Amino acid sequence: MCSILEDEIPLAKERKLNILDRKCMKCKEEPAILITRVNDAFCRGCFQVYVTHKFRAAIGKTKLVRDGEKVLVGISGGPSSCALLHLIQEGLSQRAHKKLRFKPGLIFIDEGQVVGQSLEEHKVTLTRIHSLLRQSGFPYHLCQLADSLDLERVKTLNACQSNHSAVNKINQSAMDINTCSNPVEGDKGDVEISGQDENCCDLIEMNREAEKLFAAQLGSIRSISGKEDFVRALRHRLLLEFARQHGYSKVMLGNTGSQLAVRLLTDISTGRGMQAALETAFADRRNTDMMFLRPLRDFSSKEIAMYNNLHRLECVFIPSLTTMGDVGASIEHLTEAFVTGLQAEYPSTVSNIMRTGEKLDSSSAVDLESHCALCQGPLDTDVGMSSALAALRFSLEISTMGKTNGERCIKGDNSVNNTNDELCSNGVNYDAKVECCGKSDGSCRSSTQLSVPDEGLVLQTLCYGCRIVAMEMDDVNSLPEFVMKDVAWRNRRSVMKAEIQDFLLDDR
Amino acid sequence: MWAERPRGNALCKECFFHAFEEEIHHTIVHAELFKRNETIAIGASGGKDSTVLAYVLKLLNDRHDYGVNLVLLSVDEGITGYRDDSLETVKRNQEQYGLPLKIISYEELYGWTMDAIVKQIGLKNNCTFCGVFRRQALDRGALMLKVDKIATGHNADDIAETVIMNVLRGDIGRLRRCTAITTGTDGALPRCKPFKYTYEKEIVMYAYFKKLDYFSTECIYSPNAYRGFARAYIKDVEKIRPSAIIDIIHSGESLSVKKDIRLPVQGVCERCGYISSNAVCKACVMLEGLNKGLPRLGIGKTHKERRKMQEMLQQETGAADSTPCTDQSLKSSCKCENKTDQSECSSQTYDSDNASGCSTYSKSQKCKDGCSSTNPRTVAKEKLSIFGKLKQPPSIDF
């Protein structure tokens, strides 16, 4: 139980955090107005400096964002997104000391369909988000989560703001720190909002087929944890495609440290240990051409909340699958309750978890074939026979097969390429080649014409965590189109490779 | 009688037995845990894991002819109301399964029982003592029996808890090692966990249906352990998704650590010769502390303990020239190997909340050697030799 650097977990003492008579710990002159971390009191000015500095340092230290680079900023409407937006505005404004130099574009992904919002609620949310995005002065886009199923259309989604605020009107928006006044433009914007807003709503509602497809897929996943995983994978894919097609080179997300600690534990609990490092690192490089950045990863939710309070930033609350649910609704919800509860007793919990996450290796796979088709994380299923995956597979086989066939299973071929859950129980060998029969009446069963890939093939292209989600669905083939395309592509490549196998030189 | 497996299939009793046993056989075969003619010591506590382990290993050894010799090894920590009862169970197991048994106690090895330790240290950190002592006790007992391997009854739930606990505590070294099915292959006696992929629920079900005899009370000191949080979390996650336990183990197996992270290096303890990542192993440190009246020596922060020791020294040697090593002499002679911990040695002006002392004993050892104070310290030095050079040769022969 002893770690090398700390011999003892610091126990939380019973103490009242009294800030009435305290001075700011930085400047020691101003009276403190808030307490952050364990017991650090800050005054207003010093807190602003602290937050801004942390944000800028997180971006600047890694030297990943170049001058003039187009960065897509994901805004969900929640408190951390609003804080991120505000910080970016601050950083880009002319008055800032050494201003940031990248070109942000905002994107909001409407996930109202996930919880089944009614049309009115939908409109209200969209209106508020719209006004929030417009006030920022940056180009923004609105799209639906269902668009991820129809990635071709993503190209047609133009930026919504072209008629209204120009990019460089930030100076006029008077985001003065000390007075915290509302931007002048906002008033004008409100009047015009109704006209433009409806256009945007129309833009979102046009994708009805995709919506239906999405609803069907989501509905077929049984557990809420699975649904959440699925939604996350789609969101990631949509951001990726959008950024690619509109010329952005990086995506910035507003996940705070507390959220990322919960994310790490949830990933470990759902079998996504290999991707856990990617999800909590500052730079997520699982796709070689697009980097996902998380500049708020060193902040706790409490600090973000206080920052929003100080600047009177308005957030839009959008319900999720587990809002108002009980603790055991989904694994992520449970983990959140667990971490928050533990943090209250042991204040260093979140920072311990983040530190562990930092030390994990987030090396991404080299070629496209070792990525999961759904979440694009590295594939972690190429493990030996002595592993959890093999044990799980064997256990399933032996539970469904019964005593007499037990012996056959142990000595059977358990190599990764061949195994799928259907193999042993049906006794069908999917590798048998069936030649094209020559009849062209549609009954061809040739194995080179696999129009509907079998379950085993699809599952092979998914990582462990995504496999769990896929196996909960009624029909694995109802996975999104981009997954099925990837599966077909890999299948064709592996067939090609098998044909030329004898001629390939092994470079090991 | 039907059993529903946590993984979702419902089986009748006979099929369940078959599935359970074959899964363990699969684990053993594919991880190559046993070789022909090896002697395996089964860590037997009398609880359900070790009872079922003894039963199943004997059964599989006969059925699949592994060709290994099995012995039972039990450790008596000296916890009244818990261990003495469970030892009776182990003795019954010895008769029932016909395996030889050896019992080794903390009293005979270290001269301390857990009850006496708890009286000294209180209820909060006693699990540390028990864990460290037990590990050594198992190894020493195994050496006395001349076995090749130790098999423990750690099940899937235990390993999942350990993974979560290590993430929460930031212990990256342990996180890397804890999911290995065989540990300690370099140097010390290897130990393996045949139950690595077996759910605790299934072990209980197996023992219940087979009417195996085991002792089922928790250690009386366990409610205050930090592990309790991880255990509660695992139980809750299991309710949501029963396969989560294996998922956590899979995650643990897939974790990889960055290359440039500093990890503890394995060496040998100076005093007893046991493996250790510091100059003196934890068990020796803790024992010294217990014997000298500083029970928190192995647990508390090093600089605080040194300060306490200095205070004790002052009391011992009277008021004459009570200036122990000052900052300056310590600073100059201190060659801290711990590069990441860039702090000075402790001093009297230490603020108790300022936690930046050295954390390796080798450093403190050098500090004492560089000390130029004129205190009559011969008596004190012998007493608190933990911070001084090795005076006597290792007393236990490895």
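**Exercise 1. Which residues of helix 1 of chain B meet which residues of helix 2 of chain B, and how do the two axes cross?**

Step 1: pick out the contacts (heavy atoms within 4.5 Å). Helix 1 of chain B puts in Phe20(B), Glu21(B), Glu22(B), Ile24(B), His25(B) and Ile28(B), and these meet Val52(B), Val56(B), Leu57(B), Leu59(B), Leu60(B), Arg63(B) and His64(B) of helix 2 of chain B.

A quick word on the ground rules: this is a predicted model, where local features need pLDDT of at least 70, side-chain atom pairs count only at pLDDT 80 or more, and totals for chains, interfaces and linings use all residues. Residues are numbered from 1 along each chain as its sequence is written, chains are lettered from A and ligands numbered from 1 in the order in which they are written, and side-chain values use heavy atoms, with hydrogens and water left out.

Step 2: sort those residues by class.

Step 3: get the geometry. The axes of helix 1 (residues 13-31) and helix 2 (residues 48-64) of chain B come within 11 Å and cross at roughly 75°. So helix 1 of chain B is roughly perpendicular to helix 2 of chain B. For angles, under 35 degrees is roughly parallel, over 145 roughly antiparallel, 65 to 115 roughly perpendicular and the rest oblique.

**Exercise 2. At what angle do the axes of helix 11 and helix 12 of chain A cross, and which residues meet?**

Step 1: axes are lines fitted to C-alpha atoms, for helices over the stretch in contact, with angles from 0 to 180 degrees between N-to-C directions. Those of helix 11 (residues 331-345) and helix 12 (residues 349-359) of chain A cross at roughly 120° and come within 8 Å.

Step 2: name the arrangement. Helix 11 and helix 12 of chain A are therefore oblique to each other.

Step 3: list the contact. Val339(A), Leu342(A) and Gln343(A) of helix 11 meet Thr349(A), Val350(A) and Ile353(A) of helix 12. That splits into four nonpolar, two polar and no charged.

**Exercise 3. How many residues of chain A and chain B are in contact, and how much area do the chains bury between them?**

Step 1: count residues. On chain A there are 63 in contact with 60 of chain B.

Step 2: take the area (accessible area, 1.4 Å probe, that two parts lose on being put together, summed over both). The two chains bury about 5,900 Å², 62% of it on carbon and sulfur atoms.

Step 3: look for salt bridges (side-chain nitrogen of Lys or Arg within 4 Å of a carboxyl oxygen of Asp or Glu). Between chain A and chain B the count is one: Glu472(A) with Arg241(B), closest N and O atoms 3.9 Å apart.

Step 4: see what chain A brings. Helix 13 of chain A gives the largest share of the side that touches chain B, 11 residues. By class, that side has 29 nonpolar, 22 polar and 12 charged residues.

**Exercise 4. Which parts of chain A does the salt bridge of Glu303(A) and Lys54(A) link?**

Step 1: check the distance. The N to O value for Glu303(A) and Lys54(A) is 3.7 Å.

Step 2: Glu303(A) is in helix 10 (residues 301-311) of chain A and Lys54(A) in helix 1 of chain A, 249 residues apart, linking distant parts of the chain. Helices are DSSP runs (H or I, at least four residues), numbered from the N terminus.

Terms used:
Helices (H or I, at least four residues) and strands (E, at least two) are DSSP runs, numbered from the N terminus. Ala, Val, Leu, Ile, Met, Phe, Trp, Tyr, Cys and Pro count as nonpolar, Asp, Glu, Lys and Arg as charged, and the others, Gly among them, as polar.
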